[in-house]
Amino acid sequence: MRLDAHQHFWQFDPLRDTWITEEMAVIQRDFLPEDLQPLLEDKGIDGCVAVQADQSLAETDFLLSLANKHDFIRGVVGWLDLRSDQLSADLERYTEQVVFKGVRHILQAEPDDFMMDPAFMAGVKKLADFGLTYDVLVHQGQLEETLQFIDQLPEMPLVIDHIAKPQIKEASFDHWAKYMKAIAERKHVTVKVSGLVTEADWKNWKREDFTPYIDFCLEHFGPERLMYGSDWPVCLLAGSYSGIYDLLQSHISQLSDTEQGHIMGGTAAKFYSLPQY
């Protein structure tokens with residue numbers, strides 16, 4: 001099964017979606033399953049994992065409603081208030097839907113030490129009791145705290161979104177690599193090879209800009225702990241769906257079919273416990 005392990009849907013609301021600034025005008029519109037499905041079919045991709053982009057229960061309900069109408073949406077990573085007194089009740093309710101696979105919080109926008117907040121940590125730990133995963137969305141400046149966070153969750157299925165957002169545009173590498181190497185030693189952590197082009201120069205990136213980062217992930221995590229994600233439609237800021245897909249495909253083409261299969265679907269299917277795995 002070939003999967004896009006990270007993409008988003010939304011009905012654009014300028015009051016809610018203030019993170020989509022004027023320089024992002026290309027994504028200031030609706031993006032729905034009808035827009036994505038032909039792009040997946042064009043590349044022979046069987047399905048996708050829809051990931052939250054807004055921190056509200058309404059967002060989680062929205063994604064689940066789309067998944068219930070479109071079979072190619074194989075899993076949903078939603079948002080829940082992990083510090084809420086109502087978390088257990090919310091988890092009981094949402095896990096009644098088998099397509100609900102995990103939770104994400106936009107940690108990259110939070111202040112230092114947020115990850116280590118006892119109430120937040122307790123909420124993340126509770127996800128495991130319900131068979132859910134957790135997507136870790138951070139930037140490279142948060143990696144030291146991220147490592148501490150990971151070490152508090154030794155058995156929790158965790159995936160690092162967007163390879164932890166290294167500053168590719170500035171060719172920043174050493175700080176990112178130091179902590180990602182340490183994270184790679186924690187075998188319960190996987191990584192999404194996604195969101196790369198939007199960390200590069202949007203208009204002038206070259207394929208070789210990404211080589212050291214992808215090679216590093218292959219060396220330290222290995223194909224069985226990597227998964228492809230387009231980050232569509234955010235990726236449209238710096239390229240097309242086809243271009244993003246081809247970027248990774250060209251880089252992993254020297255790997256065996258089995259290794260490519262892990263990255264292009266197998267790892268995601270196993271991590272999220274998707275149907276037909």
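Modeller: His70 is buried, with a relative accessible area of 16%, where buried means under 20% relative accessible area, exposed over 50% and partly exposed in between (1.4 Å probe, protein chains only). This is a predicted model, in which local features need pLDDT of at least 70, side-chain atom pairs count only at pLDDT 80 or more, and totals for chains, interfaces and linings use all residues. Residues are numbered from 1 along each chain as its sequence is written, and side-chain values use heavy atoms, with hydrogens and water left out.

Biologist: Which residues does His70 touch, not counting residues up to four places away in sequence?

Modeller: His70 lies in the loop between α2 and β3 (73-78), where helices (H or I, at least four residues) and strands (E, at least two) are DSSP runs numbered from the N terminus. Contact means heavy atoms within 4.5 Å. With residues up to four places away in sequence set aside, His70 touches Pro33 and Glu34.

Biologist: Are α2 and α3 roughly parallel or roughly antiparallel to each other?

Modeller: The axes of helix α2 (residues 57-69) and helix α3 (residues 87-94) come within 13 Å and cross at roughly 10°; axes are lines fitted to C-alpha atoms, for helices over the stretch in contact, and angles run from 0 to 180 degrees between N-to-C directions. Angles under 35 degrees count as roughly parallel, over 145 as roughly antiparallel, 65 to 115 as roughly perpendicular and the rest as oblique. The two helices, α2 and α3, are therefore roughly parallel.

Biologist: Is Thr211 buried, partly exposed or exposed?

Modeller: Thr211 lies in helix α7 (residues 211-220). Its relative accessibility is 28%, so Thr211 counts as partly exposed.

Biologist: Which helix gives the most to the lining of the largest cavity?

Modeller: On a 1 Å grid over the protein atoms alone, a cavity is a set of points where a 1.4 Å probe fits but cannot get out, and lining residues have an atom within 4 Å of a point. The lining of the largest cavity includes Ile244, Leu247 and Leu248. With 3 residues, the helix that gives the most to this lining is α8 (residues 241-252).

Biologist: How many charged residues does the lining of the second largest cavity have?

Modeller: Among the residues that line the second largest cavity are Arg16, Asp17, Asp54 and Glu59. Asp, Glu, Lys and Arg count as charged, Ala, Val, Leu, Ile, Met, Phe, Trp, Tyr, Cys and Pro as nonpolar, and the others, Gly among them, as polar. The lining divides into 3 nonpolar, no polar and, for the charged class, 4.

Note on methods:
On a 1 Å grid over the protein atoms alone, a cavity is a set of points where a 1.4 Å probe fits but cannot get out, and a pocket is an open set with protein on both sides within 12 Å along at least five of seven lines; lining residues have an atom within 4 Å of a point.
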